[in-house]
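Open the model in your viewer and keep the selection tool at hand.

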Amino acid sequence: MDLYLPIAEVSVNAPLLVALGALVGFISGLFGIGGGFLMTPVLVLMGIPPAVAVASMANHVAASSTSSVISYTRKRAVDFRMGGVLAAGGVAGAIVGVEVFRWLRLMGQADLVVALSYLVFLGVIGGLMLVESLQSILRRRSGQPPKPRKDRRPPWLYSLPLKMRFPRSRLYISVIPPVLLGVFVGVLSAVMGVGGGFVLVPAMVYILRMPAGVVVGTSLFQIIITTSLTGVLQAGRNQTVDIVLATLLLVGGVLGAQLGAKASSRFRAEELRALLALIVLLVGLRMGLGLFFTPDEPFILMTGMG
Amino acid sequence: MALDIPSPAALQLTASPAAVSAALTTTQVRVTSSFRGARIVLYGAVFDPSTTPSDVVVIVRGPDLPVRIARKTKVAGVWVNSRPVVFRGAPGFYMTASTRPLADIAGFGTLRRLGAGIDHLAINAPLEQHTETRYGVRDVVVSRLGADYLDWRRAVVRLKENAGLYDADDKGVTFVDKDLFKAEIDLPTEAPTGRYQAEIILFQDGQPVSRKVRSLTVEKAGIERTLYLFAHRSPWLYGLVSMALALGAGWAASLAFRRN
């Protein structure tokens, strides 16, 4: 059944989009990420204008994150105070990001920046995660004890001013690193059409040294706040949110997210991380390597703004 | 909307009594949620007491839309977009259908005057142009795109053709009976909304002898129109409503799964 999208102005296969939403939602629930980094490139490949894909994704990410954050709240796995500090940065980042994206579109460089961001961020993070998770899998297979976690936090984290207590994360640190992290993720959410979980989760584990139990829930909480704002800003400033597209995706997405969260308990954490790392790496390479190949068609029409 | 169609007087109608008449089977195309393009049939008749061989050309033009186009160039091993260039005078949809190839029906000058055929459209990039004196000739129009100008213009046409928005069918007008002809106009899903004009011209001996214009509107209808207007007239409210829907759906799903 084909459906004409009022804002994207293209015709799409509705059941296919619901299925795609469900698949990405499942992955999102399984790994505790928004899944935007996967969905946005697929939508662009399907012929949806990139600006509409990036903007409408914010709604889908917000929906599937809400669906899974509620179950994390029940397990008391959300540090609301840390999430709030991250979100304060995220709000500033989203406002800047939407303006940056608007300016990039005017300059005709949005495609380049989006592709480069995917290549750099997904490539680096996917690569690091893959190495780390393969090492722990090999260690377990060969019967060695797991590598002792270095609990010594970097000293600069403690030397900064504006310290704040985060009881649920058992932290007493400056608010500056989480706010900066939030700003960075907010910009990414507007420019790349992602929630930013793939940056946030490793940063919370390796830089802020938060306990593993609260990382995913807290990251989802911050993603909801940032992407809600991004979605409203994209609609208000750029008129690029397609409500029909977003609804199709999120119907599948919220159901998939619930199933994914249920399935996640059946896998070992490092195996899940290795799988996620592979997906992240492949998407990053697929998006970024196109920049190095000679294009079949040297000209490109810039849709939207006339 | 500036449809650049010359008035009938400019056609230098010959004294021949031959005339053409035509009608569209649909004059209003409604873009609804099930819109997957449309096919419009044009029927027409040639009235000619003599036996002079006639050719019929049908030109359908959509509203003019400025085209922003960029060229990919290699910078430090990476393909990046150049500065976008704006071309004006390009119709959002343009189709010609004729009984024979246009070049066989009339001469270059006639076609250019009528704007008949993709090659004769006045597509140019006015923002890139400036005038200067060259070889002692004043007011020579020079484009900043330089010698590549034609590559750019051809690319505009090629990309529009690939999207199904420009088409030239030199067998598109068929005579179903003596003096009764038919042409089909295929509008793709991407066809822009707005007023379209179908021009039907009868040629004899390489000259236009009769001309009729029929108009056609393509507009969003039903829920598509409501949503489109909502998104553009009150964008902030639209953003809030769509985000509330998203958050509500996430919350509802988590409730539903808790019950199970």
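Is the crossing of α4(A) and α9(A) left-handed or right-handed? The crossing is right-handed, meaning that the near helix is turned clockwise from the far one by less than a right angle.

This is a predicted model, in which local features need pLDDT of at least 70, side-chain atom pairs count only at pLDDT 80 or more, and totals for chains, interfaces and linings use all residues. Residues are numbered from 1 along each chain as its sequence is written, chains are lettered from A and ligands numbered from 1 in the order in which they are written, and side-chain values use heavy atoms, without hydrogens and water.

**Helix pair.** Select residues 80-107 (α4) and 212-238 (α9) of chain A. Helices here are DSSP runs of H or I with at least four residues, and strands are runs of E with at least two, numbered from the N terminus. The two axes come within 8 Å and cross at roughly 30°; α4(A) and α9(A) are therefore roughly parallel (angles under 35 degrees). Axes are lines fitted to C-alpha atoms over the stretch in contact, with angles from 0 to 180 degrees between N-to-C directions.

**Sheet.** Move to chain B, where an open sheet of 4 strands runs β1-β3-β13-β12 with antiparallel pairing. Its edge strands are β1 (19-24) and β12 (173-177). Strands β3 (38-47) and β13 (180-187) of chain B pair over 8 bridges (pairing needs at least two DSSP bridges). Select G44(B): its bridge partner in β13(B) is F181(B).

**Single residue.** Select S117(A), in helix α5 (residues 110-141) of chain A. S117(A) is buried, at 10% relative accessible area (buried is under 20%, with a 1.4 Å probe and protein chains only).

Methods
Angles under 35 degrees count as roughly parallel, over 145 as roughly antiparallel, 65 to 115 as roughly perpendicular and the rest as oblique. Buried means under 20% relative accessible area, exposed over 50%, partly exposed in between (1.4 Å probe, protein chains only).
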